Amino acid sequence: MAGDTSTPPPPPPTTSSTTSSTAKSALGHDPIYYTWSTAFTLLSAKYFNTPTPPDLARNYFRERDILREEKDCAKCTADVKYLLAYSPIIRFMKHNIDLLGPADGSASINETNVRCKRCEGGQSGGWDAEYGILLCANEFRNQGHLEDTLAHEMVHAYDHLRFKVDGVNDLRHAACMEIRASTLSGECRWAREFFTRGQWNLTQQLQECVRRRATLSVSKRPGCVDDVQAARVVNEVWDKCFTDTRPFDEIYR
Ligand SMILES: [Zn+2]
């Protein structure tokens, strides 16, 4: 994720070294932040627990993402193509969305309506009934992470067709969609795998992960006042939505 400073990226392409460090590029970004000295400052702050100058990390990673944009998007697009063809969960969700959608395939999820873009704001994806699925190419750690995000957004597309939900204006619908998407996509899988080995209550950890992610997502909706309201709405619909695993027979991810 954007805040992970554990693996500093390589320096920018040598072409940028000829740019004045104070000049903004044609794209409006500021290469001053993406330098080895910035990387070193961030690393030092992490290892020696010293304060980081405000905005330094954010600007550094923003600059890095801009420089990597083309590469990130090409990788993301190739991953989408591969997953649509070979991933069991993506193929399963695609099949079930096609069964619900009109015969002309206008609701189908395919390479034309899954778009890879660079995002700012820390989210990894989004779904919109008109637009389709957005994947934030600069946010993915690996193909598995992208697969979870794509599956999450496809659960939203499925819910829109299957239950005619209004996840934009109705917070209870939004909460239900987020609970189902986090449970079924596999993005809380780590909680299940890690905590299976003994002392932790497996179901409890999965539920805490789903609850946290759903509350965070609902709290960002325009109609939501704060995270207290988000948590309350998630609670209200929890029993009904956590146990609703359609189109899966059970939580299998
Ligand atoms: Zn979501």
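Figure 1. Helix α2 (residues 56-67) consists of twelve residues and spans 17 Å from its first C-alpha to its last, close to the 16 Å expected at 1.5 Å a residue. The expected span is 1.5 Å times one less than the number of residues in the helix. Helices (H or I, at least four residues) and strands (E, at least two) are DSSP runs, numbered from the N terminus. In α2 the buried residues are Tyr60, Phe61, Glu63, Arg64, Asp65, Ile66 and Leu67. A residue is buried if 20 or more other C-beta atoms lie within 10 Å of its own, exposed if 12 or fewer, and partly exposed in between, with C-beta atoms placed from the backbone. The model is a predicted one, in which local features need pLDDT of at least 70 and side-chain atom pairs count only at pLDDT 80 or more, while totals for chains, interfaces and linings use all residues. Residues are numbered from 1 along each chain as its sequence is written.

**Figure 2. Thr38 and Asn59.** Thr38 lies in helix α1 (residues 36-48), and Asn59 lies in helix α2. Their C-alpha atoms are separated by 9.9 Å, and the two residues are 21 residues apart along the chain. Thr38 counts as partly exposed because it has 19 C-beta neighbours inside 10 Å. Asn59 has 17 such neighbours inside 10 Å, so Asn59 also counts as partly exposed.

**Figure 3. The crossing of α3 and α5.** Two packed helices are described by the angle between their axes and the distance between the axes. The axes of helix α3 (residues 69-86) and helix α5 (residues 143-163) come within 10 Å and cross at roughly 65°. Axes are lines fitted to C-alpha atoms, for helices over the stretch in contact, and angles run from 0 to 180 degrees between N-to-C directions. α3 and α5 are therefore roughly perpendicular to each other. Angles under 35 degrees count as roughly parallel, over 145 as roughly antiparallel, 65 to 115 as roughly perpendicular and the rest as oblique. The crossing of α3 past α5 is right-handed. A crossing is left-handed if the near helix is turned anticlockwise from the far one by less than a right angle, and right-handed if clockwise. Cys76, Asp79, Val80 and Leu83 of α3 meet Gln143, Leu146, Glu147 and Leu150 of α5. This contact has five nonpolar, one polar and two charged residues.

**Figure 4. The packing of α4 on α5.** Helix α4 (residues 88-100) packs with α5 at an angle of about 15°, and their axes are 10 Å apart. α4 and α5 are therefore roughly parallel to each other, and their crossing is left-handed. Residues of α4 in the contact include Ile89, Ile90 and Met93. Among those they and their neighbours in α4 meet in α5 are Leu150, Met154 and Leu161. The contact of α4 with α5 holds twelve nonpolar, one polar and two charged residues.

Figure 5. Most peptide bonds are trans. The bond from Arg246 to Pro247 is cis, with omega near 5°. Pro247 is placed in the segment after α9 (227-242).

**Figure 6. The whole chain, for orientation.** The protein chain has nine helices and three strands. From the N terminus on, its elements run α-α-α-α-β-β-β-α-α-α-α-α. Of the 253 residues in the protein chain, 31% are buried.

Terms used. Contact = placed C-beta atoms within 7 Å. Nonpolar A, V, L, I, M, F, W, Y, C, P; charged D, E, K, R; others polar.
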